[in-house]
Amino acid sequence: MSTLELMHASNGFWTEALSMAPRAKHVIRSCAFAYLLTIAVLVHGAASAELRSGTLELDPSKTQIEFRLPGTLHTTHGTFKLERGTIIGDPSTGKASGSIVVDAKSGNTGMGSRDNHMREGVLEAQRYPEITFDPQHFTLKVRSGGQFQATMQGVLTLHGGRHDIDLMAQGQLVGDKLTATAHFSVPYVDWGMKDPSILFLTVAKQVDIDIATSGHVVWNGEAAQINEK
């Protein structure tokens with residue numbers, strides 16, 4: 001092929017390439033837009049899933065309620081048993097309802113005489129057999145992997161008195177399975193219960209409560225499908 005023919009062919013190639021450039025640019029822009037749109041849809045879908053309302057049913061067999069009461073000689077450790085627990089929450093509004101019920105007669109420190117005094121003299125469990133927490137409002141922060149932190153405001157009914165408390169919780173939500181831990185303190189003497197201190201054997205005027213629990217979430221949409229079946 002002659003030099004003139006090569007130049008002509010080269011010019012034809014670059015002319016065709018230049019004519020295709022706007023179309024290629026348009027295709028690239030379209031693909032980029034589609035990619036960003038896909039990401040936006042996925043992120044929105046994830047956010048929507050996190051904001052779904054639902055009902056959490058706690059499993060008593062997988063719930064531990066422990067308390068610690070510091071004293072002059074040693075710290076008393078004990079447990080209570082969960083009877084039942086249901087929390088209904090709507091993250092979009094922060095509203096919550098339901099009830100967590102603990103058996104006041106189940107208080108156990110491993111020492112019979114001390115347990116009897118706690119149940120009969122301090123908690124008066126025969127008269128007030130249940131300790132309940134009724135959630136009313138909560139805030140929720142969700143991170144990657146379903147990890148979350150939450151603050152729940154509600155009313156704790158103990159020894160016949162109703163008290164507003166803030167319960168701090170953290171845990172993980174994967175699908176419909178939730179595990180969580182929570183902590184709060186109870187100033188039981190200020191709330192009208194007897195101080196079990198005897199002479200120099202004094203104990204703190206508030207008791208620390210730690211909870212570890214697991215439960216199952218029924219999302220509102222799923223509940224509707226179950227009811228339809």
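Biologist: Which residues make the nonpolar surface patch here?

Modeller: In this predicted model, Leu73, Ile198 and Leu201 together make a nonpolar surface patch of about 320 Å².

Biologist: And where does Leu201 sit?

Modeller: Leu201 lies in the loop between β8, which covers residues 177–186, and β9, which covers 207–219.

Biologist: Moving into β9 then, what about Thr213, buried or exposed?

Modeller: Thr213, which is found in strand β9, counts as buried because its relative accessibility is 11%, and the cut-off for buried is under 20%.

Biologist: Which side chain does Thr213 join in a polar contact?

Modeller: The side chain of Thr213 is joined to that of Thr63 by a polar contact of 2.7 Å.

Biologist: What else is Thr213 in contact with?

Modeller: If its neighbours within four places in sequence are left aside, Thr213 is in contact with Leu58, Lys62 and Thr63, and also with Leu178, Thr179 and Ala180.

Biologist: Changing topic, which residues of helix α2 are buried?

Modeller: Helix α2 takes in residues 112–122, and its buried residues are Asp115, Met118, Gly121 and Val122.

Biologist: Which residue just after α2 takes a positive phi?

Modeller: That is Glu124, whose phi is positive at about 50°.

Conventions:
Residues numbered from 1 in each chain as written. Predicted model: local features only at pLDDT ≥ 70, side-chain atom pairs only at ≥ 80, totals over all residues. Heavy atoms only, no water. Buried < 20%, exposed > 50% of the residue type's maximum accessible area, 1.4 Å probe, protein only. Helix = DSSP H or I, 4+ residues; strand = E, 2+ residues; numbered from the N terminus. Patch = residues over 30% accessible without salt bridge, like charges linked within 9 Å, V, L, I, M, F, W, Y side chains within 5 Å. Areas by Shrake-Rupley, 256 points an atom, 1.4 Å probe, with all protein chains shown as cover. Salt bridge = Lys/Arg side-chain N within 4 Å of Asp/Glu carboxyl O. Polar contact = N/O pair within 3.5 Å; in protein donor to acceptor, adjacent residues only side chain to side chain. Contact = heavy atoms within 4.5 Å.
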